Structure formats: C-alpha cells, structure tokens
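Here is a friendly note to read alongside the structure. Take it one point at a time and look for each element as it comes up.

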Amino acid sequence: MLELLAFQLAAESYALETRWVREVSNFKDLTPLPCCPPFVLGIVNMRGRILPVLDLRKFFDLPEKGITDLHRIVFVGGNGLELGLLADSIVGVRSIPASDLQATLPTLDGIRGDYLKGVTAERLVVLDMARILADPKIIVHEEVEG
Amino acid sequence: MKWNVGMKIGTGFGLSWAMLLIIGSAAYLNIAKLTETADWVDHSHQVLETVEGVMSTMKDAETGQRGYVLTGEEPYLAPFNSAQGSIDAKVKSLRELTKDNPEQQKRIDSLELMITGKLAELSKTIDLRKDSTKGFNAALEEVKSGKGKNVMDDIRKVIDEMKNEETTLLKKRSDEATASARGAMFAIVLGTLFSLGLMTVAGFLITRNISSPLKAITATADRIASGDLSIVVTTDHRGDEVGVLTRTFARMTESLKEMAEAASKIADGDLRANIKPQSSRDVLGSAFARMTENLREQIRQLVEGANVLGSSASEIVASTTQLASSATESAVAVSETTTTVEEVRQTAQAASQKAKAVADSAQKAAQISQSGRKSTEEIAAGTGRIRQQMEAIAASMVRLSEQSQTIGQIVATVEDLAAQSNLLAVNAAIEAAKAGEHGKGFSVVAQEVKSLAEQSRQATNQVRAILGDIQKATGAAVMATEQGSKAVEAGAKQSEAAGVSIQGLASSVTEAAQAAMQIAASSQQQLVGVDQVAGAMENIKQASTQNVASAKQLEVAARNLNELGQRLKKIVEGYKV
C-alpha cells in the first residue's frame with residue numbers, strides 16, 4: 001500500500017509518499033533570497049527552522065501564473081534534508097495499492113521523467129521524493145546553506 | 001189833443017188817487033173830531049172826580065173834628081189835619097180844570113168861602129175841646145148851635161150844582177162824539193164803494209184800449225218767430241205808441257220778407273242778389289250783405305278748389321292704387337322676413353343653449369385644470385418624496401454593498417479557516433499515516449475533519465457565489481437606483497414643466513371659461529334681442545297687414561273722394577255767381 005499526498009500544481013495533479021511529508025502549510029512569510037537559481041523562491045520560518053521553498057514548476061517547465069497566498073507549501077524531509085515544495089492546492093491523503101502504480105508516461109521525459117515514480121489509475125503523477133532529495137541539482141541548497 | 005197810452009193810464013191812476021184823498025180826508029176830520037170830543041168827555045169825568053174829592057176831603061175834616069170832640073184823643077185829629085193841608089190844593093186844581101166855564105168859576109168862588117168858614121168852625125170846636133175840663137161841653141154846645149151843619153149843607157148844595165152842570169156837559173159831549181163817529185163811518189163806506197166802481201170802469205176802458213192791439217201784434221210776432229212771413233200787418237192811424245208799434249212792426253216784417261226772398265234766392269244758388277242795409281246800424285242786413293259777398297267769393301274759390309280737388313283726387317286714386325300694391329308686396333316681404341327672423345331666433349336659441357353648455361363645460365374644464373394644477377403640485381411633492389426615498393434606497397444600497405463586502409471578508413476568513421482545517425486534516429492524515437496501525441483511528445478523524453473542511457469550503461464557495469450574485473444584484477440595484485434617481489430628477493423636472501404647462505393651461509382654460517361665460521351671456525342677450533326683434537317683426541307684420549287693409553280702404557276712400565270731387569264740381573257749377 002502506498003500512502004500518497006495528492007496536490008495540484010499548474011493544473012496538474014501530483015502526489016508524493018506521505019513518509020516524506022513533514023507538514024503542509026499555508027504559503028506565507030516568504031522571504032525572497034537573492035543570488036539563487038530561479039526554482040528557489042525564497043526561505044520561510046517553519047516553527048523556528050529556516051527552510052528553503054522550491055518551485056517544482058521551474059523543474060517541470062510548467063506554465064506559471066504567479067504566486068498567491070492561496071498556494072500551499074508541502075514540507076518534505078529525508079536524507080538529512082528538509083525543504084518546502086510549492087503547491088497550488090492540497091487535494092488530500094489517499095492510499096493506493098502499490099501495484100496500481102503504473103510506469104511513467106513516455107511523454108514525461110527529461111527532468112520530469114527523472115523525478116517521477118509512476119502514475120496512478122487516477123492519473124496522479126507520483127513524484128519520487130528519494131530521487132529529488134538526492135538530486136545533485138539541489139546541491140545549490142548546500143551552497144546556499146553553506 | 002191826442003191821448004197817448006201814458007196819459008190814459010195816468011188819468012186812471014189820478015182818478016183813483018183823488019178818490020183816495022177825499023175818503024181819507026173825510027175820515028181824518030171825523031176821527032179828529034171824535035178824539036177831541038173824547039178828550040172833553042174825559043175832562044168832564046176828571047172835573048166830576050175832583051168835585052167828589054173836595055167833598056170827601058170836607059167830610060174827612062168833619063169826621064176828624066167829631067172823633068176828637070167825642071174822645072178828646074189826639075190821634076182822631078189826623079183826618080182833620082190832613083184835610084186842612086190838602087184842601088187848598090184840590091180847590092186850586094178844580095179851579096184850574098174849570099177855567100173854560102165862568103159859571104163853575106163863580107160857584108168855586110162861593111165854595112171856597114164856605115170851605116174857609118167850615119174849616120174855621122171846625123178849628124174853633126177843636127180848640128174848645130182842648131180844654132180838658134169843660135172843653136167837651138163847650139164844643140158840644142158849639143156843635144149843637146148848628147152853624148157847622150148849615151155851612152156843610154151849603155157846601156153840599158154847591159157841590160151838587162157843580163156836579164149837575166158837569167153831568168149835563170158830559171151828556172152833550174158824548175152825543176157829539178157818537179155823531180162824529182157815525183159821520184166818519186158813512187164817509188168811508190160810501191167813498192170806498194164809489195171809488196171801486198169808478199176805478200173798475202176806468203181800468204176796463206184802459207185795458208181794452210191798449211191790450212187788444214198789443215195782443216194782435218203779439219200774435220203777429222209769434223208767427224214771425226215761428227218763421228211765417230206771409231202775414232200782412234194792417235196799419236190804422238192810431239196816434240199813440242201802439243199805432244207806432246204796429247207801423248214799425250209792418251216795416252220790420254217787410255224788411256224780413258225782403259231778406260227771406262234774398263235768402264231763398266241764395267238757397268236756389270243765385271248769389272246775384274244785392275241786399276241794402278236798412279240803416280247804418282242794421283246788423284242783420286249788413287251781415288246778410290257781407291254774407292252774400294263772402295259766399296260769392298267762397299263759391300268762386302270753391303269752384304277752383306273743386307277743380308283742384310277733382311284732379312288731385314284722380315292723382316290720389318292712382319297713388320293709393322300703387323300704395324295698396326306696394327303695401328301688399330311689403331306685407332309679403334315682411335312676412336318672409338318674420339319667418340327668417342323666427343328661424344334666426346331658433347338658431348340663436350340653439351346657439352345660446354350651446355354657448356351655455358360650452359360655458360358649463362369650460363367651467364368644468366377650469367375646475368378640472370385647477371385640480372390638474374393641484375395634481376401637478378402633488379406630483380411635484382410626490383416626486384420630491386420619491387427622490388428622497390431614492391436617495392434613501394441609494395444609501396441603503398451603499399450600506400448593502402459595504403455589508404456584502406464585509407460578508408465577503410467574513411467568507412474569506414471562513415474560507416481561510418476551511419483551508420487551514422483542510423491543511424490541518426491533511427497534516428493529521430499524514431501524521432496518522434506515519435503512526436501506521438496505531439494511527440488508523442486518527443486517520444478516520446482526520447478524514448472527517450477534512451470532509452468537514454471540504455464542506456466548509458463548499459459552503460463558503462456557495463456563500464461566495466451567492467454573495468457574488470448579491471453583489472452583482474446590489475451593483476445592478478445601485479445602477480438602477482442611480483438611473484431611478486436620474487429618472488426621478490428628470491421626472492421632477494418634467495412634472496415641474498408639466499405643472500407650469502398645466503398652470504398656463506389652467507389660466508388659459510379659466511380665461512376660456514370666462515370668455516365662454518361672456519359668450520353665453522352675450523348669446524343670451526343676443527337671444528333676448530332676437531326675441532325682441534322677432535316680436536317687433538311680428539308687430540311689423542301685423543302693422544303691415546293693417547297697412548294693406550288700410551291701403552285698400554284708402555284706395556276705396558280715394559275712389560270715393562274722386563267721385564265726391566266730381567260731384568262737388570257738378571254741384572259748384574250749379575251756382576250762379
């Protein structure tokens with residue numbers, strides 16, 4: 001069984017495994033950070049901890065429509081790394097059998113293809129958080145942090 | 001010598017006068033004598049009375065002396081004393097009365113002596129009696145001597161003689177009086193009878209002599225008065241006034257006859273007669289002459305007049321004929337005019353009624369326009385109120401809009417709450433998932449919370465949708481209100497304009513109503529006038545009808561006049577001037 005957190009991003013439905021999710025939160029108190037790649041929106045104060053917020057749309061080359069306070073932030077953590085992901089809205093938590101998870105669509109290539117784990121029967125694109133967190137591109141984080 | 005009527009009547013009256021004088025004189029003389037004789041009789045009676053008085057006085061004196069002698073008392077002397085005092089006066093009056101008779105005078109002389117003696121004797125006796133002792137006897141002796149009685153007897157004798165003398169005279173005088181009275185009666189009776197006879201004869205003669213010829217003349221005058229002039233007055237040659245009267249009457253009758261003859265000729269139409277007045281003061285004659293002269297002149301003028309009248313009457317006949325036809329034509333025209341005027345009158349009546357109706361309608365219209373004016377004022381007021389209400393609505397709308405905004409904020413808050421609840425539910429679900437088997441129950445709770453959050457979201461979405469509708473509606477309402485306000489503004493302006501217009505209309509209608517009323521009054525007056533004209537035309541019609549009749553009568557009269565003129569001409573031609 002896979003426990004998934006489904007969310008909307010640029011009019012598409014995405015999901016990720018709940019075991020990576022620390023918390024979901026409103027999009028607020030973002031402090032933009034200069035000298036960062038575009039996918040880094042800024043930093044937020046998460047219960048005393050300063051965490052970066054990434055915009056997956058930059059990764060996936062999705063169309064942008066600006067950011068409002070209706071957006072949400074999904075805080076994920078793993079591999080000794082904690083960060084926030086921007087989401088349009090949170091759909092909810094659901095559990096699906098792992099067998100139902102289909103291979104990624106051939107149309108999703110590139111970086112998207114790299115970060116995807118599969119697609120559910122409900123056409124939820126399940127992100128592979130392990131890969132994302134382990135992606136070297138996020139080293140920037142390290143640089144930033146460093 | 002001629003005897004005229006005055007002399008005759010005078011002679012008759014003179015005769016009567018003379019007779020009356022004779023009878024009167026005789027009666028006067030006799031009555032005068034009678035009166036004188038009666039006076040003498042009276043005188044004799046007076047003498048007799050006086051003689052008796054002397055005798056009585058003497059007796060009184062003697063009575064007083066005897067009373068005193070018998071009684072010796074003083075009161076018995078009163079008759080004596082009074083007789084002694086009055087006897088002289090009585091003898092004196094007797095002497096005065098018998099002055100005309102010497103015989104009686106002589107007797108009075110002797111009587112006076114005797115009386116003196118008697119009185120002396122009586123005085124002596126009384127003086128004797130005054131001696132109270134032997135007076136009575138001495139007096140008695142004196143009385144018994146008879147001297148007193150003798151004297152008294154002598155006195156009585158003389159008195160008787162005087163009485164006899166007077167009685168004789170009285171008888172003689174009474175006889176004379178009777179004789180003269182008888183003579184007077186005789187003279188009156190005889191003289192009266194004689195004069196009656198004489199005057200009857202004279203009256204008869206004079207009356208016959210004067211009255212008969214006068215009666216004849218009166219009869220003649222009576223016939224002349226009744227117009228009969230055929231009589232012939234016979235004249236005799238009497239020289240008195242009656243003769244003159246008869247002759248004058250004859251002349252007058254002759255003159256009247258001439259006059260009558262002339263008048264008769266004039267009556268026959270012959271005016272050539274010439275009358276000469278009898279004198280310069282002949283009123284009738286000169287009047288007659290003047291009359292004939294005037295008549296001649298008038299007849300001449302009359303002839304001319306008749307000629308003129310004849311021709312004029314012919315012209316008048318022609319004119320009246322024309323006049324009659326004209327009057328008939330004018331009567332026809334007047335009749336037509338009367339009919340027309342009657343029609344005009346009916347038209348005027350209809351017009352008057354219409355005008356009255358119009359006036360009433362105008363009056364109503366004025367009232368209506370007045371009420372319209374009020375209505376516009378009310379509309380203006382109503383519009384003002386509407387505007388106020390529209391403003392109030394607009395304010396309400398604004399408030400509504402504000403409140404809907406507030407609601408929107410609240411909804412946003414609720415939405416936010418729902419979203420946070422959702423997030424909370426998601427976090428709870430994640431935590432539950434992390435808890436594994438132990439988190440299953442919590443996972444259900446999280447699911448419920450999420451469901452509630454979802455419901456809240458949906459509800460807020462619905463509220464938002466509804467709120468959006470409300471806001472849209474409110475916006476539309478605000479717009480509508482604004483438009484309504486504008487419309488109301490415009491309406492107010494228009495109603496103001498309408499008010500002004502209606503006010504103008506009202507004043508115009510009022511003026512029109514007044515005008516209509518004046519028209520009604522005028523048409524009423526006109527109707528009255530036309531009525532009067534109709535009445536007048538009716539009168540004219542009657543008058544013209546009468547005119548026609550009159551013209552016809554006039555024509556007939558003119559014809560008659562013409563005939564009259566012709567007749568007059570013929571008549572006048574009969575006169576010989």
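Predicted model: local features only at pLDDT ≥ 70, side-chain atom pairs only at ≥ 80, totals over all residues.

1. Let us begin with the make-up of chain B. How many helices and strands does chain B have? There are eight helices and zero strands in chain B. Read from the N terminus, the order of its elements is therefore simple to write: α-α-α-α-α-α-α-α.

2. Next, burial and contacts in chain B. Chain B has 577 residues, and 21% of them count as buried. If you take the contacts in chain B between residues at least 6 apart in sequence, 80% of them join residues at least 24 apart.

3. Now find helix α1 of chain B, residues 5-71, and helix α5 of chain B, residues 147-225. Their axes come within 8 Å and cross at roughly 170 degrees. Why do we call this pair roughly antiparallel? Angles over 145 degrees count as roughly antiparallel, so α1(B) and α5(B) fall in that class. The crossing in which α1(B) passes α5(B) is left-handed. Sorted by class, the residues of this contact are 37 nonpolar, 13 polar and seven charged.

4. Helix α5(B) has another partner to look at, helix α3 of chain B, which covers residues 102-129. Here the axes come within 9 Å, with a crossing of roughly 155 degrees. It follows that α3(B) and α5(B) are also roughly antiparallel to each other. This crossing is left-handed. On the α3(B) side, the residues in the contact include E103(B), R107(B), L111(B) and L122(B). On the α5(B) side, K147(B), V151(B), I155(B) and E165(B) are among them. By class, the contact of α3(B) with α5(B) holds nine nonpolar, four polar and eight charged residues.

5. G491(B) sits in helix α8 of chain B, residues 440-573. How is G491(B) classed, given 18 C-beta neighbours inside 10 Å? A buried residue needs 20 or more such neighbours, and an exposed one has 12 or fewer, so G491(B) counts as partly exposed.

6. Turn to chain A, where five strands form an open sheet in the order β3-β6-β7-β5-β4, with mixed pairing. Which strands stand at the edges? They are β3 and β4 (40-46) of chain A; each has a single partner strand, so one side of each is left without a neighbour in the sheet. On average, and ignoring direction, neighbouring strands of this sheet are turned by 30 degrees against each other.

7. Within that sheet, strand β5 (residues 49-54) of chain A runs parallel to strand β7 (residues 81-87) of chain A, and two bridges join them. Which residue of β7(A) is the bridge partner of V53(A)? That partner is G84(A). Helix α7 of chain B, residues 283-435, packs on the sheet and touches β3 and β6 (72-78) of chain A. The direction of α7(B) makes about 180 degrees with that of β3(A).

8. Chain A also has an open sheet of five strands in the order β8-β1-β2-β10-β9, and the pairing is mixed. Its edge strands are β8 and β9 (116-119) of chain A; because each has a single partner strand, one side of each lacks a neighbour in the sheet. Three bridges join β9(A) to strand β10 (residues 125-127) of chain A, and these strands run antiparallel. One residue pair to look up is V119(A) with its bridge partner V125(A) in β10(A). Helix α7(B) lies across β1 and β8 of chain A, at about 30 degrees to β8(A).

9. Finally, where do the chains meet? In the contact, 13 residues of chain A face 10 residues of chain B. The elements of chain A that give two or more residues to this side are β1 (2-9), β3 (21-26) and β8 (89-96). The largest share, five residues, comes from β3(A). By class, the side of chain A that touches chain B has five nonpolar, four polar and four charged residues.

Notes: Residues numbered from 1 in each chain as written. Chains lettered and ligands numbered in written order. Axes fitted to C-alpha atoms, helices over the stretch in contact; angles between N-to-C directions. Helix = DSSP H or I, 4+ residues; strand = E, 2+ residues; numbered from the N terminus. Parallel < 35°, antiparallel > 145°, perpendicular 65-115°, else oblique. Left-handed = near helix turned anticlockwise from the far one by under 90°. Nonpolar A, V, L, I, M, F, W, Y, C, P; charged D, E, K, R; others polar. Contact = placed C-beta atoms within 7 Å. Pairing = 2+ DSSP bridges.
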